[in-house]
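Please look over the sequence and the model below. Then follow the walk through the fold.

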Amino acid sequence: MFCGECGSSRTATVESRKRRDPRPNDTTIIARLPRTTVVISVPIPTEVPAPVRAIAVVTVAPAAAPHAVPAAALPTRATFVLTFSTGQVVSVQGSGLIGRKPLAQPDEIFDELIRVADADRSVSKTHLEFGQHDGEFWVSDRVSGNGTVIRRPGETAEVLEPGRRFVLPRGTRVEIADHSFTVA
């Protein structure tokens, strides 16, 4: 636990905390998660066709945009409902951050920034990251001060390793310091 006023550890001195806990503050990322890069390649023809002379110019109404992607080809995102112990209910479809005052790093983009009302300041400013992969919901602790615990239905509690993604089925309870939320 940390002091809500000054941020110092309530169980250890500043000197011993620095020796035992080499982590930076809660808004610094130690190692970025790999981002996939999409490469679009177009084959180059081996023979170049001979130029064609235009005989007449015909104007035609513009067709649909040739580069438009049909809606059926776009990946669909599932909707997840997060019900917090504070009474707050949030529906999410993409990625985001959860904390007292969540803040993305300059090179990060998120769909949602969810603020948790925490007068005791047990929840870190940027406590948790969440997102989706293939329709499944995942969370990752952002090196929070008081850690994150997940309780999947029918399983024992598991403490999250900071920076690692954990896939959560619906019905999972996520404990962030003195608060929690369930995934539905």
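The text goes from the whole chain to its strands, and then to the aromatic rings.

This is a predicted model, in which local features need pLDDT of at least 70, side-chain atom pairs count only at pLDDT 80 or more, and totals for chains, interfaces and linings use all residues. Residues are numbered from 1 along each chain as its sequence is written, and side-chain values use heavy atoms, with hydrogens and water left out.

Start with the elements. The protein chain has one helix and 11 strands. Helices (H or I, at least four residues) and strands (E, at least two) are DSSP runs, numbered from the N terminus. The order from the N terminus is α-β-β-β-β-β-β-β-β-β-β-β. Of the 184 residues in the protein chain, 30% are buried. Buried means under 20% relative accessible area, exposed over 50%, and partly exposed in between (1.4 Å probe, protein chains only). The protein chain exposes about 12900 Å², and carbon and sulfur atoms supply 56% of that area. Accessible areas come from the Shrake-Rupley method with a 1.4 Å probe; for residues, only the protein chains shown count as cover.

Contacts come next. Among contacts in the protein chain with a separation of 6 or more, 50% join residues 24 or more positions apart. A contact here means heavy atoms within 4.5 Å.

Six strands form an open sheet with the order 2-1-11-10-7-8 and antiparallel pairing. Its edge strands are strand 2 (89-92) and strand 8 (158-159), each of which pairs on one side only. Two strands pair if DSSP finds at least two bridges between them. Strand 7 (residues 148-151) and strand 10 (residues 173-176) run antiparallel and are joined by four bridges. Arg151 has Arg173 in strand 10 as its bridge partner.

Turn to strand 6. Five of its six residues are buried, so strand 6 is mostly covered. Strand 6 pairs with strand 5 (residues 128-133) in the antiparallel sense, over six bridges. Gly131 has Trp138 in strand 6 as its bridge partner. The hairpin of strand 5 and strand 6 has two residues between the strands, and Asp134 takes a positive phi near 55 degrees there. Strand 6 also pairs with strand 9 (residues 166-168), antiparallel, over three bridges. Here Phe137 stands opposite Leu168 in strand 9.

Which residue lies over the face of Trp138? Arg165 does, at 3.9 Å from the ring centre. A charge sits over a ring if NZ of Lys or CZ of Arg is within 6 Å of the ring centre and within 35 degrees of the ring normal.

Last, the aromatic pairs. The structure holds three of them. Rings of Phe, Tyr and Trp (its six-membered ring) pair if their centres lie within 6.5 Å; planes under 30 degrees apart count as stacked, over 60 as edge-to-face and the rest as tilted. Phe80 and Phe137 form a tilted pair, 5.1 Å centre to centre with 45 degrees between the planes. What does this pair tie together? Phe80 lies in strand 1 (residues 80-84) and Phe137 in strand 6 (residues 136-141), so the pair ties together parts that are 57 residues apart in sequence. Phe80 is buried at 3% relative accessible area, and Phe137 is buried at 1%. Phe137 also pairs with Phe130, and that pair is stacked: 5.6 Å centre to centre, 25 degrees between the planes. Phe130 is buried too, with a relative accessible area of 0%. Phe80, Phe130 and Phe137 form one aromatic cluster.
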